[in-house]
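Me: I would like to learn how to read the contacts and backbone features of a protein model. Please take them one topic at a time.

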Amino acid sequence: MTHMHVAGSIHADATSPAPVWLTRPEDVNALTPKLWSSSVTRDPDGVVSVAGLKLTDLAGQVGTPAYVLDERDFRERARGWRDAFGGWTVYYAGKSFLCTTIARWVVEEGLSLDVCSLGELTVALRAGVPPERIGMHGNNKSEEELRLGLERGVGRIIVDSADEIGRLERLCAELDTTARVMIRVTTGVEAHTHEYIATAHEDQKFGFSIQGGQALVAMVRCYHSPRLDLLGIHSHIGSQIFDTNGFEVAARRTLKLFAQFKEATGVSLAELDLGGGFGIAYTKEDDPASPAELAAGLREIIAHEVRGFGLVEPAISIEPGRAIVGPSGLALYRVGTVKVVEIGGGMSRRYISVDGGMSDNIRPALYAAEYSASLASRSSDAEPVVSRVVGVHCEGGDILVRDEFLPSDVRPGDLLAVPAAGAYSRSMASNYNHTPRPPVVSVLDGRVSTLVRRETLDDLLALDAGASD
Ligand code: LLP
């Protein structure tokens, strides 16, 4: 969840500042289940384990920092979404995290895959994802990307601009093929989330506006194009959304557009995609609805609006990313330094520096996103104190966990685990300060597998044309 009251108030204890939402835990060693993958426990010896493997052992095997995915949890979540939305198609949003192994798990669990770049499309094809189960997104898809999608016969291309329609028609003629397309629309719904991740309000780069009439024009154009097969409409209203209110308005506006299109052409469109954006718990404060609750709510909304507009119910799809991979993953760090800094007014802040930072998780710096953390290598009887977990980078905003209660005896050598780090951490990681990106490993029944290996300095220097050895 994105909390905006960054400065915080003197709430959680008398001498260190903390935001109002952060409450002192009764037991600082307790792990809040909704934050962690289902197999995460604190063993009797105090060490946190994932899928039967102690994080101390895992750190010994793969080093730190590392992203750790719980394979069974990922598969169960993927299946959970598929089953809760039975009869609808669930596309896993690859942008949240994608590698060939994940793409295979997604397909094995019966989901389809949403890609939004040439790179993601290439990973999906390399993994053997059946092309008809791939949906292609992007507001400025390259010719190379469109050509690859058309040649391989992807299931659908979500068209984002008039330029793209022309480009697709030309490429289809050249390749003597047709493209199955959906029109990405902006519904004018403002999801209550950070401005940078809300996508359906009017003043942004995505899609065709319903309100401005461009959406209907684009739909009619595609419908009449001999090279394009218009499947339907796509709407994505934003990310980290906790309730169905925004989806209700989006469904009403998109289905009204279905009705207008029917009036204009006499044709009922076959498909509607409601996008992704379903929120997860990053801190104890976050309370996301379950897939079953969301599915029940969305089904009711769709049925109601379809009746209201006198339509035949189209095939519906959704595109969750974060809600599947987010809670399945944690980030594991080793503490390097602990510092207590006087910040005035008799207050101090405890800075715990770990061996990662904004290069492996940019979300706190980019969106003021809040995270949690737990001491993972042991339990502690020490007093919980408000702490800030920071990284190694040359920048004051290099914060991983802005405010968290951690035991006052956290010291160099300890391991910290940050839950809900499976989505948009590795996929948005950078090499800032020439930092190699951490590996992604999965754990199943006590065994580790590497999904993406750790980058090395040699990997980075290999790109440096002036490096001689
Ligand atoms: N479908 C479309 C068309 C999208 O643009 C997105 C996310 C999704 C599905 C998946 O959304 P999810 O279910 O994962 O929330 N990097 C940001 C969020 C921006 C994501 C953009 N699109 C973050 O770290 O929160």
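Reply: What follows goes through the ligand site, the salt bridges and some backbone features. This is a predicted model, in which local features need pLDDT of at least 70, side-chain atom pairs count only at pLDDT 80 or more, and totals for chains, interfaces and linings use all residues. Residues are numbered from 1 along each chain as its sequence is written, and side-chain values use heavy atoms, with hydrogens and water left out.

Me: How many residues surround the ligand, and which are the closest?

Reply: A residue is near a molecule if one of its heavy atoms lies within 4 Å of it. Here 20 residues surround the ligand, and the closest are Gly277, Glu319, Arg322, Arg363 and Tyr424.

Me: What is the make-up of that shell by class?

Reply: Ala, Val, Leu, Ile, Met, Phe, Trp, Tyr, Cys and Pro count as nonpolar, Asp, Glu, Lys and Arg as charged, and the others, Gly among them, as polar. The shell around the ligand has 7 nonpolar, 7 polar and 6 charged residues.

Me: How many salt bridges does the count come to?

Reply: Side chains of opposite charge can pair when their charged atoms come close. The rule is a side-chain nitrogen of Lys or Arg within 4 Å of a carboxyl oxygen of Asp or Glu. By this rule the count comes to 29 salt bridges. Among the residues involved, Glu71, Arg75, Arg79, Glu108 and Glu109 are linked in a network.

Me: What does the pair Glu143 and Arg170 link?

Reply: Their side chains meet in a salt bridge at 2.6 Å, N to O. The pair links distant parts of the chain, with Glu143 in helix 5 (residues 143-152) and Arg170 in helix 6 (residues 162-175), 27 residues apart. Helices (H or I, at least four residues) and strands (E, at least two) are DSSP runs, numbered from the N terminus.

Me: Are Arg378 and Asp414 buried or exposed?

Reply: Buried means under 20% relative accessible area, exposed over 50%, and partly exposed in between (1.4 Å probe, protein chains only). Arg378 counts as buried at 14% relative accessibility, and Asp414 counts as buried at 5%. Arg378 forms a salt bridge with Asp414, the closest N and O atoms being 2.9 Å apart. The pair links distant parts of the chain, 36 residues apart: Arg378 is in the loop between strand 16 (374-375) and strand 17 (384-390), and Asp414 is in the loop between strand 18 (399-407) and strand 19 (415-418).

Me: How does the pair Asp176 and Arg227 read?

Reply: The side chains of Asp176 and Arg227 meet in a salt bridge, 3.2 Å from N to O. Asp176 is exposed, with a relative accessible area of 59%, while Arg227 is partly exposed at 24%.

Me: What is the phi of Tyr424 and of His434?

Reply: Tyr424 has a positive phi of about 60° although it is not a glycine. For His434, also not a glycine, the positive phi is about 50°. Tyr424 lies in the loop between strand 19 and strand 20 (440-444), and His434 is found in the loop between strand 19 and strand 20. Tyr424 is buried, with a relative accessible area of 15%, whereas His434 is exposed at 60%.

Me: Which peptide bond is cis, with omega near -10°?

Reply: That is the bond from Thr64 to Pro65. Pro65 lies in the loop between helix 1 (55-62) and strand 4 (66-70).
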